[in-house]
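Please look over this model with me. Keep the sequence and the 3D view open as you read.

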Amino acid sequence: MRIPFVAANWKMFKTVQEAFLYAKEFAPVVKDITDVEIVLAPPFTALHTVAEALRNTNVGVAGQNMHFEREGAFTGETSAGMLVEAGAGYVIIGHSERRTLFGETDATVAKKIAAALSADLVPIACIGETLAERERGDTLAVLDRQIHDGLAPAVDPADVSKLVVAYEPVWAIGTGRTATAEQAQEAHAHIRRRLRDQYGEEAAATCRVIYGGSVKPANTRELVTQPDVDGALVGGASLDLNAFAEIVARSRRDTV
Ligand code: PEP
């Protein structure tokens, strides 16, 4: 049975002080939820502070991006090792905002995933189609390409269980428009099929595939109860502590 995985992507929101207060207040609220893997992804400036605030709790910390090189003349970039040193155990890779606004490609995603794994960071690898691609009927083909070019070259069979794949339809991110439970399940089942083709039944069954795109407390349950949906990547709603805590609680397997 896969443990549900729920992560908060704060994007470029929250000062260090705001992030610290959130982390301090959030940890006690979710301390008894040990059957969901819970992660906060603050901006880089707050990462170390949040990691310290969450030390010895059941809440992990993620970077929102990283560079694939270990070090070098890459102004403005952060390596996997630097994230680890700052206290991260996870890193979001290939978010659609990185792809559309910062030119990230499947090729760079593959290099980042490989570098994250070798630094012992759990990659939260984002894939998903744009509205135009969905309307053209290309959703599954886009997922195939992103898996084939972005994930498969970087992930060995032994590492599949460490990988978290986030299916995030671009048209649902920050728009208030959520995929229906059926649309999410169709995409997730397809992703799992492709993982099975690539890595075999047993390995594919261990990989968490989570949904992202306007997840709120009110729509969490219908999404996470789909057989191939193993949790959520939450942007806007995660900025509110109570809303995010509610999403975590509703992502438990046994909640009714
Ligand atoms: C995201 O940024 O990954 C995301 C899913 O955002 P939102 O929940 O705001 O749609």
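The points below cover helix packing first, then pockets.

1. **Ground rules.** This is a predicted model: local features need pLDDT of at least 70, side-chain atom pairs count only at pLDDT 80 or more, and totals for chains, interfaces and linings use all residues. Residues are numbered from 1 along each chain as its sequence is written, and side-chain values use heavy atoms, with hydrogens and water left out.

2. **Helix α1 with α2.** Helices (H or I, at least four residues) are DSSP runs, numbered from the N terminus. Two packed helices are described by the angle between their axes and the distance between the axes. Helix α1 spans residues 16–30, and its axis comes within 9 Å of that of α2, crossing at roughly 25°. Axes are lines fitted to C-alpha atoms over the stretch in contact, and angles run from 0 to 180 degrees between N-to-C directions. That makes α1 roughly parallel to α2 (angles under 35 degrees count as such). The crossing of α1 past α2 is right-handed, a term for the near helix being turned clockwise from the far one by less than a right angle.

3. **Who touches whom there.** From α1 come V16, A19, F20, A23 and K24; from α2 come T45, A46, T49, V50 and A53. Contact means heavy atoms within 4.5 Å. By class, this contact of α1 with α2 has seven nonpolar, two polar and one charged residues. Ala, Val, Leu, Ile, Met, Phe, Trp, Tyr, Cys and Pro count as nonpolar, Asp, Glu, Lys and Arg as charged, and the others, Gly among them, as polar.

4. **Helix α1 with α11.** The axes of α1 and α11 come within 11 Å and cross at roughly 30°. That makes α1 roughly parallel to α11. Their crossing is right-handed. Y22, E25, F26, V29 and V30 of α1 meet L241, F244, A245 and V248 of α11. This contact of α1 with α11 has eight nonpolar, no polar and one charged residues.

5. **Helix α10 with α11.** Here α10 (residues 217–224) packs on α11 (residues 241–250) at about 20°, with axes 9 Å apart. α10 and α11 are therefore roughly parallel to each other. The crossing of α10 past α11 is right-handed. In α10, look at P217, A218, T220, R221 and V224; their partners in α11 are A243, E246, I247 and R250. By class, that gives five nonpolar, one polar and three charged residues.

6. **The largest pocket.** How much space lies in the largest pocket? About 390 Å³. On a 1 Å grid over the protein atoms alone, a pocket is an open set of points where a 1.4 Å probe fits, with protein on both sides within 12 Å along at least five of seven lines; lining residues have an atom within 4 Å of a point. A volume is the space filled by probe spheres set on the points, which are joined across faces, edges and corners. This pocket has 15 lining residues, with K11, M12, Q64, R98 and F102 nearest its centre. α4 gives the largest share of the lining, four residues. The lining divides into seven nonpolar, five polar and three charged residues.

7. **The second largest pocket.** This pocket holds about 190 Å³ of space. Its lining has 18 residues, with G174, S214, V215, G235 and G236 nearest the centre. By class, the lining has five nonpolar, 10 polar and three charged residues.

Key
Helix = DSSP H or I, 4+ residues; strand = E, 2+ residues; numbered from the N terminus. Parallel < 35°, antiparallel > 145°, perpendicular 65-115°, else oblique.
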